[in-house]
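Reader: Hi! Could you walk me through this one?

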Amino acid sequence: MKILRYYILLFALICTQAILAQISFEATVSRDNIPLNDNVRVDFAMNQDGDNFSPPRFDNFTVVGGPNQSVSYAWTNGKKSFNKTYSYFLQPKKKGTLSIGSASIEIEGQVYKTKPITITVSDAVAKQDPRQQYNQVQQKALDEIHLVAEVTNQNPYINEPVTITYKLYFNTNIAGYTGRKIPTYEKFWVHNVDIPRRPEVKLGKYKGTDYNYIVLKQDVLMAQEAGNLSIDPLELMIQAEVPTGRRDFFGYPEFGYMEKEYSTGRVTIKAKDLPEAGKPDNFSGGVGTFTFKVTPTKTSLKSGEQLNLKVEVAGKGNLDLLTIPTPTAHSALEMYDPTSSDKITSGVHGMQGSRVNDYIIIPQYKGDYMIDPMEFSYFDLSTKKYKTIHIDSLAINVLEGPTLPTNTEAKDTDVVDKSELFQPNKATPTVVEASTSTYWDTTLFYVLTVLPFAAIPLFLLVVIQRRRYASDTDGIRLRNNNRLARKYLGEAKKNINNKELFYEALERCLHNFLKAKLDMVTSEMSNENITEILTDRNITEDAIKNFMDIKNACEWARYAPTDQVNINKDYDNAITVISELEKQFK
């Protein structure tokens with residue numbers, strides 16, 4: 001029995017010690033070395049609630065704040081944790097090594113005490129004006145914001161895609177921002193990259209320091225001429241959260257908002273010409289890395305049956321600006337104008353995807369025919385050399401149908417019908433009664449006689465006009481651009497409830513309208529060139545300004561918040577601008 005009681009007492013002692021070991025009551029100070037005219041905070045913290053808290057005597061200090069009491073609960077892996085703290089703000093009365101005595105509290109019938117704390121008090125220092133101090137804190141918070149334009153390649157070739165990304169780095173809360181100045185891209189062809197309306201906050205580094213950042217705008221640029229090309233800055237007014245220097249009822253610091261204008265600064269792109277050495281005669285402007293395919297849906301078919309010929313350029317590079325080769329074939333293969341389809345994506349790695357022209361071919365005659373060989377040349381950025389992809393001729397076998405007509409000479413052995421030979425004389429004459437004509441020497445006779453001769457000049461005029469129309473490639477291209485402009489304006493109206501699609505279609509409409517009226521090409525569509533050409537055509541300043549305003553509105557709307565654009569107003573303005581320019585061009 002004695003041994004049993006011994007083990008029971010030992011077990012109870014161990015449990016008591018374990019319980020006691022779980023209880024913590026400690027004192028800490030905000031710093032242990034302060035000047036005479038400064039304050040120090042002392043905290044008395046416990047991990048279980050208690051009663052009868054008794055602070056130490058602060059004989060060498062003046063209590064300037066407190067006691068402040070805070071309590072917190074937390075659950076970690078299903079276990080509850082507790083913390084309770086009593087805080088005092090103290091100002092020393094003298095210099096030297098001063099001691100803060102022990103505090104006590106009663107927890108579960110047991111009294112716990114903190115260990116004394118010693119701090120060193122030095123000479124008083126000249127204190128800074130609190131307003132100036134907080135001004136410095138606020139300025140430091142604003143200095144932690146950086147608006148940056150990052151370019152993937154600042155020394156590209158002409159027509160080589162480079163990506164410019166506008167990022168906002170910050171380590172303080174951003175309340176909002178508004179645009180002050182939109183970057184313009186003179187002498188560049190631009191492809192805008194879609195950015196989410198609510199940019200995702202990511203982690204990154206700026207000058208070796210960790211920052212949060214968001215992507216505000218991203219564009220793929222292709223220089224249209226060599227030299228130092230300058231890009232205007234992006235300027236934003238940014239509202240940031242900064243400390244005010246005041247505290248709320250519970251002693252926590254209050255924050256307010258301040259605005260400051262930020263700019264990316266000008267960006268310079270040093271573009272260089274493509275090399276002349278080794279440039280193929282059929283080079284169509286492609287810069288990047290591409291594949292080229294020509295694929296017929298079938299190679300054997302009947303006369304009048306349809307086949308589709310798919311001509312595709314795919315890869316990574318300036319897909320927007322290159323020209324796809326046009327196939328040629330035997331005249332017995334009737335080929336129609338192609339339908340085009342593009343699948344192009346753009347981002348930090350430039351532009352990639354494919355462009356396809358789909359031709360419908362309908363053979364007219366039976367036989368074996370060829371689609372001529374095709375070549376596609378481009379400048380390969382990986383090797384810095386020109387490359388040419390060759391496609392062999394394609395054989396098309398027309399199995400059934402009429403034979404292709406050819407010129408043949410009549411043979412001497414042709415048989416003559418006996419009715420065409422002289423007939424023997426008849427012995428008895430046949431008397432035929434004379435009849436009167438109702439056609440000769442009538443008005444109808446003279447009209448029908450003169451009409452073919454009068455129609456000859458009209459026929460010649462129609463033939464000349466048709467030949468002139470068919471050979472007028474520039475006119476055909478201008479009419480096609482007019483048709484495309486009407487098409488894209490209709491597409492913009494169709495997508496009037498989708499901001500991104502609407503402004504993309506509206507911008508294409510403006511471009512194709514200028515192509516039709518000014519005989520411009522895509523590479524000339526810079527703001528500087530447009531303004532100069534319109535001025536030379538005696539277009540009024542107001543009309544030019546209105547056109548450039550709607551063009552810039554399309555660019556700004558790509559990354560502006562939805563509530564900062566007016567789609568219906570911009571659509572109406574586009575109709576008014578195009579109508580006014582149409583009148584002045586006439």
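This is a predicted model: local features need pLDDT of at least 70, side-chain atom pairs count only at pLDDT 80 or more; totals for chains, interfaces and linings use all residues.

Reader: Thanks! How many helices and strands does the protein chain have?

Author: The protein chain has 8 helices and 30 strands.

Reader: What about contacts between residues at least 6 apart in sequence?

Author: In that set, 71% join residues at least 24 apart. A contact here means heavy atoms within 4.5 Å.

Reader: Let's pick a sheet. In which order do β22, β30 and β27 come?

Author: The order is β22-β30-β27, an open sheet of 3 strands with mixed pairing. β22 (300–301) and β27 (367–371) are at the edges with a single partner strand each, so one side of each has no neighbour in the sheet. Two strands count as paired if DSSP finds at least two bridges between them.

Reader: Which way does each one run against β30?

Author: β22 runs parallel to β30 (residues 394–398), joined by 2 bridges, and leucine 301 stands opposite valine 398. β27 pairs with β30 in the antiparallel sense over 5 bridges, with isoleucine 371 opposite leucine 394.

Reader: Which residues of β30 are on the covered face?

Author: Leu394, Ile396 and Val398 make up the covered face of β30, and Ala395 and Asn397 the uncovered one.

Reader: Switching to rings: how many aromatic pairs are there?

Author: There are 18 aromatic pairs. Rings of Phe, Tyr and Trp (its six-membered ring) pair if their centres lie within 6.5 Å; planes under 30 degrees apart count as stacked, over 60 as edge-to-face and the rest as tilted. One of the pairs is phenylalanine 53 with tyrosine 86, which is stacked, at 4.1 Å centre to centre and 5° between the planes.

Reader: Where do phenylalanine 53 and tyrosine 86 sit?

Author: Phenylalanine 53 is in strand β4 (residues 51–54) and tyrosine 86 in strand β6 (residues 79–92), so to speak distant parts of the chain, 33 residues apart. Phenylalanine 53 and tyrosine 86 are both buried.

Author: Leu506, Leu534, Phe547 and Leu581 do, in a core of 28 residues. A nonpolar core is a set of buried Ala, Val, Leu, Ile, Met, Phe, Trp, Tyr and Cys residues joined through side-chain atoms within 4.5 Å. At least two residues of this core come from each of α4 (473–494), α5 (499–518), α6 (527–536), α7 (541–556) and α8 (567–585). The largest share, 9 residues, is supplied by α5.

Reader: What does phenylalanine 547 contact, leaving aside neighbours within four places in sequence?

Author: Phenylalanine 547 is in contact with Leu510, Leu514, Ile530, Val577 and Leu581.

Reader: Which residues does UniProt list as "transmembrane region"?

Author: The unreviewed UniProt entry lists residues 444–464. UniProt positions are given in the numbering used here, feature names are shortened, and annotations may be inferred rather than shown by experiment. In the model, residues 444–464 are 100% helix and 0% strand, with the end C-alpha atoms 30 Å apart.

Reader: Last one: is asparagine 538 buried or exposed?

Author: Asparagine 538 is exposed, with a relative accessible area of 65%. The residue is in the loop between α6 and α7, and asparagine 538 has a positive phi of about 65° although it is not a glycine.

Note on methods. Residues are numbered from 1 along each chain as its sequence is written. Side-chain values use heavy atoms; hydrogens and water are left out. Helices (H or I, at least four residues) and strands (E, at least two) are DSSP runs, numbered from the N terminus. Buried means under 20% relative accessible area, exposed over 50%, partly exposed in between (1.4 Å probe, protein chains only).
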